[in-house]
Structure formats: structure tokens, C-alpha cells
Amino acid sequence: MPYQLIDTGSSRSFPAAHALLDGGSAAGDVVILIGADAGSALNDVTDRASRAAILVELRTESLGTHTGESRGTEGSNVLGFARFRLGDGAPSDLVELVRQPATPDSAIAAAKAVLEGAGLKVAVCGDFAGRIIDRLVRPYYNASLRRLDEQLATADDLDLTLKLGLGYPEGPIGLLERTGLAHHYDVTAALFETIGTPDYAPARRAVVAKRRAEKGLT
Amino acid sequence: MSSIKTVGVAGAGTMGAGIAIVAARAGFRTILYDTRQDTLDRARRQTEGFFAKSVQRGKLTAEAVETILGNLVGTTDIASMAECDMVIEAIFEDLKVKHGLFSDLNAVCPPHTIFASNTSTLSITEIAGGSGRPERVVGMHFCLPAQLMKLIEMSPGLTTAPEVFDAAWTFAEALGQRPVKTKDNPGFILNYFLVPFNNDAIRMVEAGVAEPADIDRAIKAGLGYPMGPLELLDLVGLDTQLLLCEALHGVTNDPRAACPPLVKRMIAANHLGRKSGRGFYNYDKDAMFGG
Ligand SMILES: NC(=O)c1ccc[n+]([C@@H]2O[C@H](COP(=O)([O-])OP(=O)(O)OC[C@H]3O[C@@H](n4cnc5c(N)ncnc54)[C@H](O)[C@@H]3O)[C@@H](O)[C@H]2O)c1
């Protein structure tokens, strides 16, 4: 399916060359808006109603921020998406595709076809704070950081236990250090604003990393 | 070097049978004790099957397996445990039952014998308190399946003598396992993180954030985990998850450890996971054997 790609610059999902970027054309039934201003560019899409699907790249915000919402009946051919990526780490192959309650199945199918055609894996989710992965892992990361403070085990042993015991490719402490604790702060603080339970509150070590990053320290 | 020569394993169920394989394979004389002969017989059949595969795969020679199996004996007589330098218990997860076993073993075993518990959720200090030798009790939490997984979470209780912990640690290494040191905390490391994590995934299904298959796909493709949380829960069993939640939440009061209501509804509907043919996914029970 031919798709039109509109790049507003500084995409978090696609910071480097990718088949999805290479395959875009000037016109198409599906429109993909990427970059930091993808949501604002929605207004520039012509013939919006006649498109099979319009995909808007999201960061931590809800899709509703760009489409508007009403009484839980919202939903159109506009979908949100983000390629999952932890902080400074490379983006994964997983795209979270965000729908609203009344999003037509045909729009989801058209979006999936384009994304999967570019070699990406797609998980569909509702327009919830943190979508799937961040919503699930941020409390776990915060708990790991807190338990490190409480000396449940050394950082190495915490990581090793989760790798050997559950087959995770990386333990939480090493992973957060590699991808940036200050980034974890940003994501979990955004979720905490919406969800409000203590498990999303940034752990002390993430607060320290964020404050130091603000001062240009590492 | 470990001064331990003879190892006792109490409980020949899922974990005990695997732990006995680990001990015997590492060259220890191993006595597997259970109150039920049929359980011992099943463990023996499983063990022989396991080692037959090890030979087929070229991991062990037939002679080595013969020696290992000759060193591994089963018994329903607790008096046979008198020879053991170390006893690892893997019986029911119940403090009173574990106290009963350890006080019987305390009467049978020599004073130097170390008692280890494979408990997943109980306190090592509380188990030690009813053992008759609280300074010689340590936590040694193996992972399922014990015969394949290298990790042992090791925890001293408040009363454990440091030299006993050190001796158990050396023994764990002599088993060819990878010990990690943790505290006598509910769930140690693995279950402390895993049980609430899995509950969070269940609550996402409850809240309609995404379908189970989408959640699992996201976690596997996004983070490289070998299994998604809902697939894993189907394997563990929803009834087991309930028990783990009750044990952990009962001591920690952590809201994330509280059992999500959906689990109880699924248990009521007999959607226990793979073992009942349906959990978050449907399993065609005859898929492998049907014609
Ligand atoms: N199954 C797991 O995934 C897992 C993982 C790690 C730790 N554990 C822990 O290991 C222990 C055993 O779990 P399991 O899943 O192997 O249980 P299981 O039910 O498969 O086996 C328990 C065995 O203990 C025997 N038994 C009970 N009381 C006894 C007694 N007084 N003396 C001798 N034998 C007795 C039973 O006959 C049974 O064969 C529990 O403490 C559990 O928390 C389980």
C-alpha cells in the first residue's frame, strides 16, 4: 500500500535510516506523520476523511491531545504510534499502535499493513498513559532502583538474578544506566502525573540523575 | 572445597526432584526423602528419563549416568537422613509443615548438618525459628525447572551463623550453580519483582489497555524478554499466582502485590492456564497427541 510520509524533524521513533522512511511517497491512502511536531502537522493533511489511516508519532502524550475527545466515543482514521525505545538506546522493532474507542478496524488494518510491510512488529493498544510497555515496566524499574537503595542485593546480583531467573537480556540497573536514568525520570514522571500511584513516582536515583543532567553533570 | 559429602533433599515434588538431579549430577551422594512412595517413584522415572536425554544429547556418558543414578536414592524413612551433611527442603509451602519436618530432622541429623529451605515466600528467620538449630538454617531458592536453571537466591536469616552461610555458598558453587546473595525479604529478588509485574499485566487486561497477545508481543519485541507476562502466567497457573499474591501481599501490603480481581474470576471459571486448557489464551489440549 503506498503511503505518504511527512517528516517534521527530530523523530524519536526513526532517528536513523529505516525501511519505513525509504518506502514513503508523496501521496498515498495512508499518511504517516513523524517527528517532534507530528501532532501539529495533522492539520496540514489534505483530504483527511478519505484516507485509510493517518498515523501520528507520539512521545509520552495521549493521542487525544491531537484529535480531541468526547464522552468516550472518540475514534477516527487517526491513530497514534511510537516505536518503543528506552532513553538513548536504539529503537526496537516494536511499534505501539494507539487506537481510540471508536477507531474503525479498517484503519487499524491499514496502519498495521504499512508498518509490518516495513519489517516492524505491531502491538495495538488503547489511548492509555504509558501505552503498553512504559505502563508495565516503569513501576518495575522504580522498584529496582528503590531496592538497590535498600541493599536487597548488589546492582550486579540484582541484574544477574533477573537475567538468569527470567531470561531477560539485561537487568534493570544495567539497562537504566545504559539508556539514561534521566530519561527514565522523564517518562515515569509523565506517567505519574496521569496515573498518580506511588509506583510511578520517580525513584530517588532517577531524581538525582535528572537534577544532575539539568546542571550538565553526568 | 565443600566439606559436604552427602546431601538430603526433602520433598520429591516438582522442585525436590530437580534439586536432587542437580546434587547427584554434581557428584554428591544424594538421598531424596518424601512421605509418599508414589511421589518418589514418579521422581525416579522422571530422573531416569532426564538423564537418558542427557546421554542422547551427548552431555553425559552412559557410565557417568550409571554412577549418578547409583548415588541417588529415594526413601520414605526420615531416619535415612542421618547421614546428610546438608538437607535442602522442598516440601509444601506452609510454615507449620516446614517446622514439623525440620524439628524431626533436627532429632535425626548430626549437629553439623546444615538445613536449607527452598521456600519462595516464607521467611527464612521464621522457618529457622522452628527448626531447633536456627543458626544452621539458610535460604536456598532454586528456580523452576531446577535441573536446568543455574540461579540460586541465597539468604541468611537473622539467626544464621556467617560460617554456615559461607559453607552453603561454597556448596552451591560446588553444585555448579550460580548463587546470588539477597536478604530474608518476602519473595527475595525474583518473586519480589515478578509477582507485582505480572499483576500489573493482568490489571492492564482488566482495564482494557490491550489484548493479552498485544501485551505479550510488545514485551517480547520491545524488551527482548523470552516470554510475555500473560503467556508466563498461563504456564505458572492462575491458582499459583493467587497463592503467591496472598503470601506476598500478606507480608508487604504492597498494592501491586494484591491479587487482581480478574485472577479470582478466572480461577472460578477454571481458566487456570495451560493446565486447564484455557487461561489468557486457549490451548488445544489434544494438539500434540490427537489424531
Ligand atoms: N514450583 C515452583 O515453581 C517453585 C519454585 C521455587 C521454589 N518453590 C518452593 O519449593 C517448595 C516445593 O514446591 P513444589 O512446587 O516442588 O511442591 P510439590 O507440591 O510439587 O512437592 C512437594 C512435595 O513435598 C512432599 N511433602 C510434603 N510434606 C512433606 C513432609 N513433611 N516430609 C517429606 N515430604 C513432604 C509432598 O509429598 C510432595 O511430593 C515450596 O516451598 C515452594 O514454595 C517452588
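Guide: The model here is predicted.

Visitor: What area is buried between domain 1 and domain 2 of chain B?

Guide: Start with the contacts. 6 residues of domain 1 of chain B are in contact with 4 residues of domain 2 of chain B. Carbon and sulfur atoms give 66% of the buried area. That area is about 400 Å².

Visitor: Which residues of domain 1 of chain B lose the most area to domain 2 of chain B?

Guide: Three residues together make up 75% of what the domain 1 side buries. They are B:Ser120, B:Thr121 and B:Glu153.

Visitor: What area do chain B and chain A bury between them?

Guide: The size of an interface is often given as the accessible area lost when the parts come together. Here 37 residues of chain B are in contact with 39 residues of chain A. Carbon and sulfur atoms hold 72% of the buried area. The total is about 3300 Å².

Visitor: How many salt bridges does the rule find across the interface of chain B and chain A?

Guide: A salt bridge needs a side-chain nitrogen of Lys or Arg within 4 Å of a carboxyl oxygen of Asp or Glu. Across the interface of chain B and chain A, the count is 0.

Visitor: Is A:Tyr168 buried or exposed?

Guide: A:Tyr168 sits in the loop between helix 6 (155-166) and helix 7 of chain A. Among the residues it touches are A:Tyr140 in chain A, and B:Leu194 and B:Phe197 in chain B. Buried means under 20% relative accessible area. At 8% relative accessibility, A:Tyr168 therefore counts as buried.

Visitor: How many Å apart in space are A:Tyr168 and A:His66?

Guide: In sequence, A:Tyr168 and A:His66 are 102 residues apart. In space, C-alpha to C-alpha, the distance is 35 Å.

Visitor: What span should helix 4 of chain A have, at 1.5 Å a residue?

Guide: Helix 4 of chain A has 13 residues, 105-117. The expected span is 1.5 Å times one less than the number of residues.

Visitor: Why are the buried residues of helix 4 of chain A on the same side?

Guide: The buried residues are A:Ala107, A:Ile108, A:Ala110, A:Ala111, A:Val114 and A:Leu115. They lie on the same side of helix 4 of chain A because they cover an arc of only 165 degrees around the axis.

Visitor: Which residues are exposed on the other side of helix 4 of chain A?

Guide: Exposed means over 50% relative accessible area. On that other side, the exposed residues are A:Asp105, A:Ser106 and A:Gly117.

Visitor: Within what arc do the buried residues of helix 3 of chain B fall?

Guide: In helix 3 (residues 62-70) of chain B, the buried residues are B:Val65, B:Ile68 and B:Leu69. They line one face of the helix, so seen down the axis their arc is 95 degrees.

Visitor: What do the buried residues of helix 3 of chain B pack against?

Guide: The face turned away from the buried side carries the exposed B:Glu63, B:Glu66, B:Thr67 and B:Gly70. The buried residues of helix 3 of chain B pack against helix 1 (14-25), helix 2 (37-56) and strand 3 (72-75) of chain B.

Note on methods. Residues are numbered from 1 along each chain as its sequence is written. Chains are lettered from A and ligands numbered from 1 in the order in which they are written. This is a predicted model: local features need pLDDT of at least 70, side-chain atom pairs count only at pLDDT 80 or more; totals for chains, interfaces and linings use all residues. Side-chain values use heavy atoms; hydrogens and water are left out. Helices (H or I, at least four residues) and strands (E, at least two) are DSSP runs, numbered from the N terminus. Buried means under 20% relative accessible area, exposed over 50%, partly exposed in between (1.4 Å probe, protein chains only). The arc is that of the directions from the helix axis to the C-beta atoms. Contact means heavy atoms within 4.5 Å. Buried area is the accessible area (1.4 Å probe) that two parts lose on being put together, summed over both. Lists of a residue's contacts leave out its neighbours within four places in sequence.
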